[in-house]
Amino acid sequence: ILSVSPGLLFGLETEVRKVTGKLRVAANRFNKDKDLDSNDAFFDINWSEKGERSEFSLVSNNSFDSTLSSQVEATGNRTEERKQRQKISVNPNYAYNYDARLTLALGYRYEDVGFRDAAGTSLVDYRSNELLPALRYRLDERNELQVNTRLWQLITVPSDLDKSRSTFKSGLVNFLYNQAIDESHNWSAGAGFYSINENTTGNRINPLEHTERFNGATALAKYQTKNEYGALSFIAAREVNPSGENTLLLTNRIGMDYTQG
């Protein structure tokens with residue numbers, strides 16, 4: 001594969017406000033399989049405002065890319081149906097520092113994912129709404145405990161009458177411990193529990209409605225070290241993600257990220 005990916009980064013920063021944006025396009029060409037060629041585009045916005053005791057942030061990640069890379073990155077699922085995917089994601093978050101130790105936060109995330117030319121494939125458009133309350137308690141200067149909750153509704157939107165429409169309603173509670181070893185090293189570890197109610201309508205082939213409930217556990221472990229010119233991080237996680245194929249996937253993820261300037 002040959003990938004050419006020029007990008008443009010812009011921003012504005014003051015003592016109380018920071019706004020950054022990134023626009024990037026990518027031309028991907030495969031030497032032995034031209035059917036995999038794709039032209040992708042990405043547009044991200046980050047906005048934060050600081051008050052005396054509060055902070056507001058808004059993150060928007062938007063992309064038009066191929067499922068060849070996006071599905072593997074998001075879920076670990078290597079789909080054989082390689083189509084262009086359009087994603088719009090908006091995530092505002094408000095945090096209030098009750099005192100020097102306790103912070104209360106409330107976030108919301110909206111995501112809409114659609115697939116181009118998906119007729120005859122298993123790919124199904126979906127949209128999700130998430131409410132994300134959280135509590136952070138600073139034990140001391142280096143140690144912090146977080147309690148994160150997630151109320152999540154995901155609806156699949158098939159255009160084919162032979163496919164069912166599914167609604168997933170999920171509740172998740174996660175406990176996370178963060179420790180800054182020093183200015184350059186930190187680690188996090190945590191676990192959570194989730195419960196998912198699935199309701200799938202009937203379709204033209206199978207008119208029967210299907211309901212089911214799932215329970216399980218999630219986990220996260222992360223270590224990061226950085227210096228003036230580079231960073232290294234390791235992550236291991238167990239998480240639930242939409243698959244893009246009318247289902248949810250429980251994904252086990254192991255990763256490493258290395259940057260050197």
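Trp187 is partly exposed in this predicted model, with a relative accessibility of 29%. In strand β12, its bridge partner is Tyr223.

Strand β10 covers residues 166–180 and strand β11 covers residues 185–200. These two run antiparallel and are paired over 15 bridges. A hairpin of 4 residues leads from β10 to β11, and Ala180 is found opposite Asn186 of β11. Strand β11 also pairs with β12, residues 210–226. Here too the sense is antiparallel, with 16 bridges between β11 and β12.

Next come the aromatic rings. How many aromatic pairs are there? The count is 2. One of them is made by Trp47 and Phe56, whose ring centres are 5.5 Å apart. Trp47 is partly exposed at 33% relative accessible area, and Phe56 is partly exposed at 27%.

Tyr177 and Trp187 also form a pair, with 5.6 Å between ring centres and 50° between planes, so this pair is tilted. Because Tyr177 is in β10 and Trp187 is in β11, the pair ties together parts 10 residues apart in sequence. Tyr177 is partly exposed, at 26% relative accessibility.

Charged side chains meet rings as well. The charged end of Arg150 is placed over the ring of Trp152, 3.9 Å from its centre. Arg24 lies over the face of Phe42, 4.2 Å from the ring centre.

Note on methods. Residues numbered from 1 in each chain as written. Predicted model: local features only at pLDDT ≥ 70, side-chain atom pairs only at ≥ 80, totals over all residues. Heavy atoms only, no water. Pairing = 2+ DSSP bridges. Phe/Tyr/Trp six-rings, centres within 6.5 Å; stacked < 30°, edge-to-face > 60°. Buried < 20%, exposed > 50% of the residue type's maximum accessible area, 1.4 Å probe, protein only. Lys NZ or Arg CZ within 6 Å of the ring centre and 35° of its normal.
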